[in-house]
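Okay, thanks for making the time, everyone.

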Amino acid sequence: MKIAILPGDGIGPEIVEQAVKVLKALDLQLEMETAPVGGAAYEASGHPLPDATLNLSRAADAILFGAVGDWKYDQLERALRPEQAILGLRKALGLFANFRPAICYEQLTHASSLKPELVAGLDILIIRELTGDIYFGQPRGRRSAPDGAFAGAEEAFDTMRYARPEIERIAHVAFQAARQRSKRVTSVDKANVLETFQFWKDVVAEVHKDYPDVELSHMYVDNAAMQLVKAPKAFDVIVTGNMFGDILSDEASMLTGSIGMLPSASLNAQRQGLYEPSHGSAPDIAGKGVANPLATILSAAMMLRFSLNQPEAADRIEAAVKQVLAQGLRTPDIHSEGTTRVGTAQMGDAVVNALR
Ligand code: IPM
Ligand code: MG
């Protein structure tokens, strides 16, 4: 089993180091190879996703990804910015199915900005379509407005689009995931305004006919944003497009108290996957040894479960994370009175010890 390790920028290297430590402690036959990505790769070779990194990723069974981005690259042309590395990997490997669980750990209930009773026991799964929608739709660009009230003025435009097979395959992923859980799917759209999302809604409803045992409801995205803070536990699986999924998954992550706890998986049809924490590169705290490595460690667990067919090893990592939380160990982002403040490496070491 071959894993490409792509640490990236900001806190990426320090959190990935902890996850690698945890993987090594499992004594599995894992071959790991590291390559630069994002701003780090741009500095080294002039491109955020060099061919060598892309080829390594293609050849691997799974990719463990840290984070990319730094404000210092904001002035670069779009094609050279660090974010293009993650978008490029998603597109090149066809990683269309993005799993973003939002789980509120018992010990962290009070870290949420919502009332504890609203989030205690929260366990929802956002499934975001990741290779279509307005993120990748062509044409896009800047031009002189061809018509309308502002004809002749400079304008910018993007294209929102989804093809039927793209919607069908993500709908199947969502219904199948729901079967492993409480069998409820909420499809989030904006069918009241957008043609693309009326189509989305129709196609999801058609695919649903294959899953009579799963309950499907439809919700407009604005209402979904509201319901997520009003009664988040009413959801089980949420399936939505790339853009809405980007926004709702950040919202859902904060319900759990810390984005520093949330893993994610992005899979293609062959179950090859890219695993990364849901949070970003946090350049403001990079190199200080205070970043929470648990989201990356939990992403490694998802990798073992989804791409490497090692569910027992995944269970062991998840149990070890619960154990260190129960021991009261907390990085600053989840620290509260009466718990023990630890740094990035100490947290990684504690998980390794809990595995043993
Ligand atoms: C995410 C991020 C990315 C996205 C950025 C970094 C391109 O926000 O993974 O949610 O918008 O998809
Ligand atoms: Mg995002």
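**Pockets between the domains**

The second largest pocket lies between domain 1 (1-96 + 264-356) and domain 2 (113-136 + 163-256), because both give residues to its lining; those bounds come from an automatic or database domain assignment. Quick caveats: this is a predicted model, where local features need pLDDT of at least 70 and side-chain atom pairs count only at pLDDT 80 or more, while totals for chains, interfaces and linings use all residues. Residues are numbered from 1 along each chain as its sequence is written, and side-chain values use heavy atoms, with hydrogens and water left out.

By pocket I mean an open set of points on a 1 Å grid over the protein atoms alone, where a 1.4 Å probe fits, with protein on both sides within 12 Å along at least five of seven lines; lining residues have an atom within 4 Å of a point.

So, this second largest one holds about 550 Å³ of space. It has 26 lining residues, and closest to the centre are V68, E83, I86, H279 and G280. Helix α4 gives the largest share of that lining, four residues.

Now the largest pocket: about 870 Å³. Here 31 residues form the lining, with P101, R181, M302, R305 and F306 closest to the centre. Elements giving two or more residues include β4 (97-103), α6 (164-179) and α10 (294-306). And where does the largest pocket lie? Again between domain 1 and domain 2, since both contribute to the lining.

How values were computed
Chains lettered and ligands numbered in written order. Points joined across faces, edges and corners; volume = space filled by probe spheres on them.
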